[in-house]
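Open the model in your viewer and keep the sequence panel beside it.

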Amino acid sequence: MAEQQDRRTVVHVDVVEPGHALITGGGHSGHVSREGDKRYRVEDVDSETYIGHARSYSNAGHRFAKWHGLTDYRVSVDIE
């Protein structure tokens, strides 16, 4: 199981300041920004495309991964 987990694509969500995060994974990059108190806007930086809204940074990472067609991935959130 650990060997399989090591092969998974890691989608990194790096919170650079409150309400703002950068997403990288699978050769793609994105941005998360807070809109209001309870939702985050998720965008693809490479194509400047709006992906959708998320409830958390982790959920934003999952939306980003699914939008890019990733199926075997895990989300890692790092708050600086």
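The tour below starts with confidence, then visits the sheet, the helix, the core and the charged pairs.

**Before you start**

This is a predicted model, in which local features need pLDDT of at least 70, side-chain atom pairs count only at pLDDT 80 or more, and totals for chains, interfaces and linings use all residues. Residues are numbered from 1 along each chain as its sequence is written, and side-chain values use heavy atoms, with hydrogens and water left out.

**Stop 1: colour by confidence**

Colour the chain by pLDDT, the predictor's confidence in each residue, from 0 to 100. The protein averages 91, and 92% of the residues score at least 70. Now select residues 1-5. Here pLDDT stays under 50. Where pLDDT is low, the predicted coordinates should not be read in detail.

**Stop 2: the sheet**

Show the cartoon. Helices (H or I, at least four residues) and strands (E, at least two) are DSSP runs, numbered from the N terminus. Two strands pair if DSSP finds at least two bridges between them.

In what order do the six strands lie? They form an open sheet, β5-β4-β3-β2-β1-β6, with mixed pairing. β5 and β6 stand at the edges with a single partner strand each, so one side of each has no neighbour in the sheet. Neighbouring strands are turned by 20° against each other on average, direction ignored.

**Stop 3**

Select residues 39-44 for β4 and 49-54 for β5. These strands run antiparallel, joined by five bridges. Tyrosine 40 stands opposite alanine 54 in β5. The two strands form a hairpin with four residues between them. In that turn, click glutamate 48: its phi is positive, about 55°.

**Stop 4: helix α2**

Select residues 57-67, which are α2.

Which residues of α2 are buried? They are Tyr57, Asn59, Ala60, Gly61, Phe64 and Ala65. Buried means under 20% relative accessible area, exposed over 50%, and partly exposed in between (1.4 Å probe, protein chains only).

Zoom in on asparagine 59, which lies in α2. At 16% relative accessibility, asparagine 59 counts as buried. Leaving out residues up to four places away in sequence, asparagine 59 touches His53 and Ala54. Just after the helix, glycine 69 takes a positive phi of about 80°.

**Stop 5: the nonpolar core**

A nonpolar core is a set of buried Ala, Val, Leu, Ile, Met, Phe, Trp, Tyr and Cys residues joined through side-chain atoms within 4.5 Å. The largest one here has 16 residues. Select Val11, Ile23, Val32, Val42 and Tyr57, which touch the most other members. β1, β2, β4, β5 and α2 are the elements that give two or more residues to this core. α2 gives the most, with four.

Now centre on valine 42. Its contacts, not counting residues up to four places away in sequence, include Ile23, Tyr50, Ile51, Ala60 and Phe64.

**Stop 6: the charged pairs**

Show the charged side chains. A salt bridge is a side-chain nitrogen of Lys or Arg within 4 Å of a carboxyl oxygen of Asp or Glu. How many are there by this rule? The count comes to four.

Select aspartate 72 and arginine 8, which meet in one of these at 3.5 Å, N to O. Aspartate 72 lies in the loop between α2 and β6, and arginine 8 in the loop between α1 and β1, so the pair ties together parts that are 64 residues apart in sequence. Aspartate 72 is partly exposed at 37%, and so is arginine 8 at 28%.

Move to arginine 41. Its side chain meets glutamate 43 at 2.6 Å, N to O. Arginine 41 also bridges to glutamate 35, with the closest N and O atoms 3.9 Å apart. Arginine 41 is partly exposed, at 24% relative accessibility. Salt bridges that share partners join Glu35, Arg39, Arg41 and Glu43 into one network. Select these four residues together to finish the tour.

Technical notes. Contact means heavy atoms within 4.5 Å. Axes are lines fitted to C-alpha atoms, for helices over the stretch in contact, and angles run from 0 to 180 degrees between N-to-C directions.
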